[in-house]
Amino acid sequence: MKKKYSIIIVSPENAKTPRQIEFTLTVKKILISCAALFLLAVSLLAAANVIQAAYIKGVQQKIAYNEALEKEIEAKKLEIERLNGITALINADLQAIAEYESEINSVLEMPSTGGAAGISRGGSGRLEAPVAGSLDEAAAHVAAYARSMKEIYSASLAFNEALRHLPTIYPTRNGVFSSGYGYRSNPFGGGYSEFHDGVDFSCPVGSPVYAVAAGTVTSSSYEGGWGYKVTISHGNGISTLYAHNSRNLAQVGTVVDKGDVIAYSGNSGRSTGAHLHFGASVNGVSVNPLSFYD
Ligand SMILES: [Zn+2]
């Protein structure tokens with residue numbers, strides 16, 4: 001005998017008669033299977049929904065990341081443009097430095113090697129510094145110029161030291177030029193000419209006599225026709241002589257600087273009046289002292 005099942009549907013209002021639906025075991029199994037399938041479908045849909053939500057979230061994150069990357073790329077592009085602008089400015093400055101470097105080398109009479117960064121003359125004859133293509137190259141050029149500036153600084157110190165030992169100032173500030181270098185008629189008369197081994201400056205007795213360059217005092221004495229005289233060796237074979245002084249201040253062996261007062265002018269020795277006689281020699285050979293001031 002087939003088992004039978006029934007479902008009784010009761011209305012909440014007692015007015016209606018309850019309904020009874022009868023079904024067999026097979027129908028019951030089908031109903032349970034349907035319910036199970038329904039539950040399975042709902043579960044699968046729920047799982048698919050969760051997976052899809054996670055996927056969408058991932059895609060959204062990727063989109064946001066890509067948008068951020070695009071913004072970053074734009075910012076980097078702007079930064080690269082700015083850096084290129086800086087490189088161009090540095091190149092302009094390097095060109096200016098190269099031109100000054102060349103001028104300084106010329107003034108200091110340094111061998112022109114084209115500078116550490118390799119300056120060269122372009123087709124127009126204009127000095128041209130190598131152009132840096134990047135900030136890295138610009139930094140390398142700047143470093144090369146820094147080394148070059150150090151060499152120029154050393155050369156300028158040597159130049160300054162050499163200049164200090166060259167006559168560039170006059171031995172008197174109040175003297176008036178009164179007699180030149182070379183043959184002249186004897187100021188003491190007699191009608192014959194004599195060689196004037198220096199130049200004369202007429203000045204009152206007691207006027208300060210200045211060392212015309214740095215050097216070492218090689219004599220300070222009274223000597224016949226010169227009267228009181230001082231001689232100074234300036235190096236490089238150059239010597240100067242200051243004669244007819246009223247008084248010598250410098251002592252032999254004293255190192256003097258350019259502009260130091262070494263004596264007071266006078267009229268001592270073979271002299272026709274108050275004046276300073278200023279002589280010079282190079283490697284022991286008499287030269288016109290004024291030739292240093294050309
Ligand atoms: Zn003289």
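Trainee: Is Asn236 buried or exposed?

Mentor: Asn236 is exposed, because 10 other C-beta atoms lie within 10 Å. The classes rest on C-beta atoms placed from the backbone: a residue is buried with 20 or more others within 10 Å of its own, exposed with 12 or fewer, and partly exposed in between. This is a predicted model, in which local features need pLDDT of at least 70, side-chain atom pairs count only at pLDDT 80 or more, and totals for chains, interfaces and linings use all residues. Residues are numbered from 1 along each chain as its sequence is written.

Trainee: Where is Asn236 found, and what is its phi?

Mentor: Asn236 is found in the loop between β11 and β12; helices (H or I, at least four residues) and strands (E, at least two) are DSSP runs, numbered from the N terminus. The phi of Asn236 is positive, about 55°, although the residue is not a glycine. Most residues other than glycine have a negative phi.

Trainee: And what about Asn283?

Mentor: Asn283 also has a positive phi of about 55° without being a glycine. Its place is the loop between β15 and β16 (285–287), and Asn283 is exposed, with 9 other C-beta atoms within 10 Å.

Trainee: Changing topic, which residues have the most contacts inside the largest nonpolar core?

Mentor: They are Ala211, Val230, Tyr242, Ile262 and Ala263, in a core of 23 residues. Such a core is a set of buried Ala, Val, Leu, Ile, Met, Phe, Trp, Tyr and Cys residues joined through C-beta atoms within 7 Å. The elements giving two or more residues to this core include β11 (227–235), β12 (238–248) and β15 (275–282).

Trainee: What is Ile262 in contact with?

Mentor: Leaving aside neighbours within four places in sequence, Ile262 is in contact (C-beta atoms, placed from the backbone, within 7 Å) with Val209, Ala211, Val230, Tyr242, Leu249, Ala250 and Val256. There is also a second, separate core of five residues, among them Leu94, Ile97, Ala98 and Ala129.

Trainee: How far apart are the end C-alpha atoms of helix α2?

Mentor: They are 42 Å apart, which agrees with the 44 Å that the 30 residues of α2 (residues 135–164) should span at 1.5 Å a residue. The expected span is 1.5 Å times one less than the number of residues.

Trainee: Which α2 residues are buried, and what do they pack against?

Mentor: Ala138, His141, Tyr145, Ser148 and Ile152 are buried, and the buried residues of α2 pack against α1 (25–107).

Conventions: Two residues are in contact if their C-beta atoms, placed from the backbone, lie within 7 Å.
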